[in-house]
Amino acid sequence: MHDMPQALIEVIDIRKQYKKLCAVDGVSLAIAPGTCFGLLGPNGAGKTTLIEIVEDIIPPTSGKILYKGGSRGPRFRQEVGIMFQQTALFSYMTVFETLKTFGRLFDHPEDLDALSSLCHLGEVGTQLNDKISGGQKQRLLLALALLNRPDLIFLDEPSTGLDPQARRNMWDIIRAVKAKGRTIVLTTHYMEEAEKLCDDIAIMDQGRIIARGAPQALIQTHCRRATVSIPQADVPPGMADIAGFIRQRGDRVEIRTENVNAVVGQLLSMGVDMRVVDVRTPTLEDVFLKLTGRSLRE
Amino acid sequence: MRFKRLWAIFQTRNLEYFRDREAFGWNFLFPFLIIIGFGIIFKGDYRAQFKVGIFPVPPKAAIESSFEGLPESFTSFQAISFVGFESKALGLDKLKHHKIDLLIQAHTDPVRYWVTDATPSGAIVERLLKETLLPHDAGAQRFTKADIKGLQIRYVDWLFPGVLGMNMMFSALYGVGWVVVRYRKNGVLKRLKATPLTAFEYLTAQLFSRIFLLMFTLIVVWVGSDLILDFRVYGSLLNLFIVYLAGCTCMTALGLVIACRGTSEEFANGVLNLICWPMMFLSEVWFSIEGAPDWLKAVAKIFPLTHLLTAARKIMNEGQGLVAVMPEVGILCAMTLAFLLIGAAFFSWNK
């Protein structure tokens, strides 16, 4: 568990057992207020189970959750917003009616006009929930999670199933929410999403947290070497003198190095045309691959 | 408990009900169709119970032309309707398939007839035929006929409370049981659990919403049916309203029991059928089970619809007051309490 003062939420040795399957295996972590915390892992890693235990939707087999240093209690529902991975809504209600109905379930609901403006729901406000597109529905579900001006927001796979444009729209809204100083807990199996939105990341696999830290720190710690590749046909004489791990992969030759600038400089001096050179810096995907031996999407 | 939250869910459920045009229309149309249909079939004060075939009756010839040789007391008996056939083969085919109860060959002396022993109605019509063929005064001094004075209940008047109760049963059980199971399966309940709404508030809102919708439907169907068929209610309408209110509350609470756990709509449908069909036949919706074995009558008592219909008919058909139906209303209230406790104890938001 990270040492941090005044954690908004603390997860202490949570375990969830389904008959022979251990979905969450003794997870402990603390989330600081105002951060965007990402829980990254492949499908079936136990992310949703862990997050639903923290949300008080399902009970743990053992372990403890602390919210603002105490038990969650009735105020937890008033102060927490949740966007589930898959949720249907009332079929015969419009988007505005849905927001209004859910708003009446909270003591201090957000202004609906401001919320629908933030989530770009104005143009579909009078449409029935069943008639809106996938991206609009995800934005409506996000709006429902923000309806009670929450201190803590859980977003479970918020962009899954969206096209690239809709995904970027969703990220823009999440960034706007983050800018207001709200604490966000986001689960995803999209490394790009985690890298772009999260300040702090935990990588989960087979029910356990296997790494924790800021995205760049995780990459620096676990995957320091970048990959520079050039086509086999363009390999210059004296290539073997370049510092770094060199290997052939398909029709290209790869150099894995911690010092990209030096390698690129050497290639330039050898007369290699930079237009055919590909430089790839390590990502969270590489971190996960290194730690587990598997891809995030497996 | 917050009334604001309860009211929000109550309004939402009502809105969904009124906007689901197909289900909304069917809830009103179904009882109307049944009542009007039975009103047409059983119009008048007398209805034919038996069917007698006669052959040969040439095509386009009036069936009365074949009555020669048969006693008028038999051919004019209102409980019997006559069907003409061109040939014996056609008549026997209908008799074998129980489409008619007895087949007579016209213009025969002595009268020649065929009857099957497989149905009691055949034996009854045979007895009627034989009796009318005998001299009129045989044994007449051994009985005296007395007319029924006062209340004359038409079948449609007896049926009407049953059809209303049946509609109420389907609407309560499916409108709560099936709908809540569907909401659990598709995650709507989980979404609601993520709010401050409590299970008690949610279930209470569902209960009140369904009671409101059922009583609204009841009044609309009642008024519409009354305009068409002119029902006779011998007791107080207010008392009848109280009885139906107790009945619909009880059956809605039973719907909550079905709704409390399930996640499969198919399974919920099976359970609902398992509950509805015995109630349809044993709670006297369509016919009385008077004369049925005692154990079957005892089984019928476990169904709320039985008590609802007994009480409703006491008021509507017999003109009895609230005191006379207190046992049934008391049982309905006790069942409601039990169903609510079970539903609340086992309710789960999640799959």
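How many Å separate the centres of domain 1 of chain A and domain 2 of chain A, taken over C-alpha atoms? The separation of these two centres is 41 Å. The structure is a predicted model, in which local features need pLDDT of at least 70 and side-chain atom pairs count only at pLDDT 80 or more, while totals for chains, interfaces and linings use all residues. Residues are numbered from 1 along each chain as its sequence is written, and chains are lettered from A and ligands numbered from 1 in the order in which they are written.

**View 1. The domains of chain A.** In chain A, the domain assignment gives domain 1, made of 34–48 + 79–220, and domain 2, made of 225–281. Such bounds come from an automatic or database domain assignment.

**View 2. The contact between chain A and chain B.** Chain B brings 19 residues to this contact and chain A brings 20 residues, where two residues are in contact if their C-beta atoms, placed from the backbone, lie within 7 Å. On the side of chain B that touches chain A, the elements giving two or more residues are helix H1 (3–19) and helix H7 (188–193) of chain B, and H1(B) gives the most, with 7 residues. Helices (H or I, at least four residues) and strands (E, at least two) are DSSP runs, numbered from the N terminus. This side of chain B divides into 6 nonpolar, 5 polar and 8 charged residues, with Ala, Val, Leu, Ile, Met, Phe, Trp, Tyr, Cys and Pro counted as nonpolar, Asp, Glu, Lys and Arg as charged, and the others, Gly among them, as polar.

**View 3. Cis peptide bonds in chain B.** B:Phe55 and B:Pro56 are joined by a cis peptide bond with omega of about -10°, and B:Pro56 belongs to the loop between strand E1 (50–55) and helix H3 (72–75) of chain B. A cis peptide bond also joins B:Asp109 and B:Pro110, with omega of about 0°, and B:Pro110 sits in the loop between strand E3 (102–105) and strand E4 (112–115) of chain B.

**View 4. Positive phi at B:His107.** Although B:His107 is not a glycine, its phi is positive, at about 55°, and the residue lies in the loop between E3 and E4 of chain B. B:His107 counts as partly exposed because 14 other C-beta atoms lie within 10 Å; a residue is buried with 20 or more such atoms within 10 Å of its own C-beta, exposed with 12 or fewer, and partly exposed in between, C-beta atoms being placed from the backbone.

**View 5. Positive phi at A:Asp13.** A:Asp13, a residue other than glycine, has a positive phi near 50° and lies in strand E1 (residues 9–18) of chain A. A:Asp13 counts as partly exposed because it has 13 C-beta neighbours inside 10 Å.
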